[in-house]
Amino acid sequence: MCRPLLARGYLIEDDRRFHLGPGPFIVAARANKLAALSLDHQLLAELSKVLRCTVLVGVRVGDALVYADHAGQESPSLTFVARTHARRPLFTTAAGKTLLASVPDEEMYRLLELAGAEQAGEVRQFLAELPEIRSRRIAFNRGVTFKDAFAVATPLLTSDGSPIAAITAAVDPAEADRLDDVGEELKKAVAVLGPRYGLNHA
């Protein structure tokens, strides 16, 4: 009975105990434009200014990635999914990949098993990228989810090292060649600015 609620993000299982997940807060955000999550929008605004690009925050909701807020220039595709809180597969988006790579392997493989047969290629691609994601603490989306989506993301952690969100920096397709540099800049900026807002970096 609890499995559908776990998959949709309404519950979280921890040591055989169930806790309220982020799903209800995303539903609240859809109904109410006030932020339903504790991440300060000002952090996104500062990051966007430093990196000179669109910045989004994504959270895991069950077996999917949901963008909860954004700052910076408008992106036809990315800011739309941020406004609508559309669910995206964890293993295709830059933010989702960083969150998926941050969980224990048992949970990661359980989530990957939920993918449909038509997504097998994307799952294989994520697994091929996994060692680099974990070593560099960044993940990329190079036009995979949308043709104009060129993004890099890094995770945000709680004080005990648990992933709570991912910060994504998105650039125009014309600037795709600077995405690796943006990723390194993103990590540095989050490391400097994050603690001011009570957040840790991987």
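Trainee: What makes helix α5 count as largely enclosed by the rest of the structure?
Mentor: Buried means under 20% relative accessible area, exposed over 50% and partly exposed in between, with a 1.4 Å probe and protein chains only. Eight of the nine residues of α5, which spans residues 94–102, are buried, so the helix is largely enclosed by the rest of the structure. The buried ones are Ala94, Ala95, Gly96, Lys97, Thr98, Leu99, Leu100 and Ala101. As for the name, helices (H or I, at least four residues) and strands (E, at least two) are DSSP runs, numbered from the N terminus.

Trainee: What should I keep in mind about where these values come from?
Mentor: This is a predicted model, in which local features need pLDDT of at least 70 and side-chain atom pairs count only at pLDDT 80 or more, while totals for chains, interfaces and linings use all residues. Residues are numbered from 1 along each chain as its sequence is written, and side-chain values use heavy atoms, with hydrogens and water left out.

Trainee: Why is α5 called roughly perpendicular to α7?
Mentor: The axes of α5 and helix α7 (residues 120–136) come within 10 Å and cross at roughly 75°. Angles under 35 degrees count as roughly parallel, over 145 as roughly antiparallel, 65 to 115 as roughly perpendicular and the rest as oblique, and therefore α5 is roughly perpendicular to α7. The axes themselves are lines fitted to C-alpha atoms, for helices over the stretch in contact, with angles running from 0 to 180 degrees between N-to-C directions.

Trainee: Which residues make that contact?
Mentor: With contact meaning heavy atoms within 4.5 Å, α5 contributes Lys97, Thr98, Leu100 and Ala101, and α7 contributes Phe126, Glu129, Leu130, Ile133 and Arg134. These residues divide into five nonpolar, one polar and three charged, where Ala, Val, Leu, Ile, Met, Phe, Trp, Tyr, Cys and Pro count as nonpolar, Asp, Glu, Lys and Arg as charged, and the others, Gly among them, as polar.

Trainee: How do you know that Thr98 is buried?
Mentor: Thr98, which is found in helix α5, has 2% relative accessibility and therefore counts as buried. Leaving aside neighbours within four places in sequence, Thr98 is in contact with Ile133, Ile138, Ala139, Ala153, Thr154, Pro155 and Ala166.

Trainee: What makes the pairing of Thr98 with Ala95 a polar contact?
Mentor: A polar contact is a pair of N or O atoms within 3.5 Å; within protein, one must be able to donate a hydrogen and the other to accept it, and residues adjacent in sequence count only if both atoms are side-chain atoms. The backbone oxygen of Ala95 lies 2.7 Å from a polar atom of the Thr98 side chain. Likewise, the side chain of Thr93 reaches the backbone nitrogen of Gly96 at 2.9 Å.

Trainee: Is Thr93 buried or exposed?
Mentor: Thr93, in the loop between β5 (87–89) and α5, has a relative accessible area of 2% and is therefore buried. Not counting residues up to four places away in sequence, Thr93 touches Leu65, Tyr67, Arg88, Asn141 and Thr145.

Trainee: Why is Arg52 called exposed, and how is Arg137 classed?
Mentor: Arg52 has 55% relative accessibility and therefore counts as exposed, whereas Arg137, at 32%, counts as partly exposed. Arg52 has a positive phi, near 60°, and Arg137 has a positive phi of about 65°. Most residues other than glycine have a negative phi.
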